[in-house]
Amino acid sequence: MSAEKPTGRFRRMLDRLSSSQEDLESEELREATQASGCTRISECDDRQVVRVTGTLRTVTLRPRAGVPALEAELFDGTAPLDVVWLGRRSIVGIEPGRKLIASGRISLSHGRRVLFNPKYELRPLGQE
């Protein structure tokens with residue numbers, strides 16, 4: 001999709017019909033991020049304290065140095081963010097497709113943005 005906004009109603013409808021489902025979902029997530037006052041993940045820098053929002057795409061249990069670690073990929077329509085809770089095997093409500101707001105200090109690991117043990121707020125089901 002182009003970075004410019006379509007001008008007319010017909011043009012917007014035509015753009016929506018010709019866009020992939022992934023493009024449409026990404027656009028909705030970007031709009032939700034902007035409306036919530038959170039930082040876009042693509043704009044987060046290393047060691048920055050941020051508040052981000054998005055949808056969990058994957059949730060996996062991946063031990064780190066013999067310690068359980070629950071990892072989730074948060075996506076806001078601009079970039080992915082790995083969210084890691086150390087010492088946890090599961091957290092009620094943390095599941096793929098769930099929307100949440102997370103805050104903490106971003107770090108870079110192997111070229112990916114990571115947020116360890118964030119404060120988080122699950123968005124109510126049905127109001128997503």
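I looked up Leu61 to start, and its bridge partner in strand E2 is Leu70. I kept in mind that this is a predicted model, in which local features need pLDDT of at least 70, side-chain atom pairs count only at pLDDT 80 or more, and totals for chains, interfaces and linings use all residues. I also jotted down that residues are numbered from 1 along each chain as its sequence is written, and that side-chain values use heavy atoms, with hydrogens and water left out.

Next I checked the strands themselves. Strands here are DSSP runs of E with at least two residues, numbered from the N terminus. Two of them pair if DSSP finds at least two bridges between them. E1 pairs with strand E2 (residues 69-75) in the antiparallel sense, over six bridges. Strand E1 (residues 49-61) also runs antiparallel to strand E4 (residues 99-109), and seven bridges join these two. For one example I picked Gly54, whose bridge partner in E4 is Leu100.

Is Ser90 buried or exposed? I found that Ser90 counts as exposed because its relative accessibility is 54%; the cut-offs are under 20% relative accessible area for buried, over 50% for exposed and partly exposed in between (1.4 Å probe, protein chains only). Ser90 sits in the loop between strand E3 (80-86) and E4. Its C-alpha atom is 9.3 Å from that of Val59, which lies 31 residues away along the chain.

My last stop was Ser109, which has its place in strand E4. Ser109 has 26% relative accessibility, so it counts as partly exposed.

How values were computed. Helix = DSSP H or I, 4+ residues; strand = E, 2+ residues; numbered from the N terminus.
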